[in-house]
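Open the model in a viewer and switch to a cartoon view. The stops below go from the sheet to the helices and then to the side chains.

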Amino acid sequence: MKRYLGLDVGSRTVGVAVSDPLGLTAQGLEIIQINEDQEEFGLDRLGELIDSYQASKVVIGLPKNMNNSEGPRAEASRAYGDRVKQHFDLEVVYLDERLTTMQAERMLIEAGDVSRKKRKQVIDKLAAVLILQTYLDQERA
């Protein structure tokens, strides 16, 4: 039984998803508030989730540019992954997530009846689900 966490890392929030014990599906867990400027990365809460779900791997979305280069946000995601690796001694893998946030927003808009404010509250969690589900699907293929 292996469980993975998926993370959508932003400058103020980290969306978190978890796989089911069989590694088939991803479910959204929560959004952790962070503050990069104040070096507050939410690692205490992330550690609680890692312990609670006995996660063996963390999949972090890598927001590459459309030309496949890596900009400041991709560098910030890698830095967050380095912190996770050092702090928890877990395997960290990165997944190209160029369009997941846009895809998540489109899904919420199509669902209708989701206000802009409410979308903002759940979009990072849904993006984390899409990142982790993509990884799980690729791993099975």
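Predicted model: local features only at pLDDT ≥ 70, side-chain atom pairs only at ≥ 80, totals over all residues.

Select the five strands. They form an open sheet with mixed pairing, in the order E3-E2-E1-E4-E5. Now colour strand E3 (26-33) and strand E5 (91-96): these are the edges, and each has a single partner strand, so one side of each lacks a neighbour in the sheet. Looking from one strand to the next, the twist averages 25°.

Next, keep E2 and E3 on screen. Seven bridges join this pair, and the sense is antiparallel. For a landmark, pick Ala17, which stands opposite Gly28 in E3.

Which members of the largest nonpolar core touch the most other members? Among its 20 residues, they are Leu5, Leu7, Val14, Leu46 and Tyr80. At least two residues each come from strand E1 (3-9), strand E2 (13-19), helix H1 (43-53), strand E4 (55-62) and helix H2 (72-88). H1 gives the most, four residues.

Centre on Leu7. Leaving aside residues up to four places away in sequence, Leu7 has contacts that include Val14, Leu46, Val58, Ile60, Tyr80, Ala128 and Ile131.

Finally, select Val93, Leu95, Leu130 and Ile131. They are among the 17 residues of another core, which lies apart from the largest one.

Note on methods. Residues numbered from 1 in each chain as written. Heavy atoms only, no water. Core = buried A, V, L, I, M, F, W, Y, C linked by side-chain atoms within 4.5 Å. Buried < 20%, exposed > 50% of the residue type's maximum accessible area, 1.4 Å probe, protein only. Contact = heavy atoms within 4.5 Å. Pairing = 2+ DSSP bridges. Axes fitted to C-alpha atoms, helices over the stretch in contact; angles between N-to-C directions.
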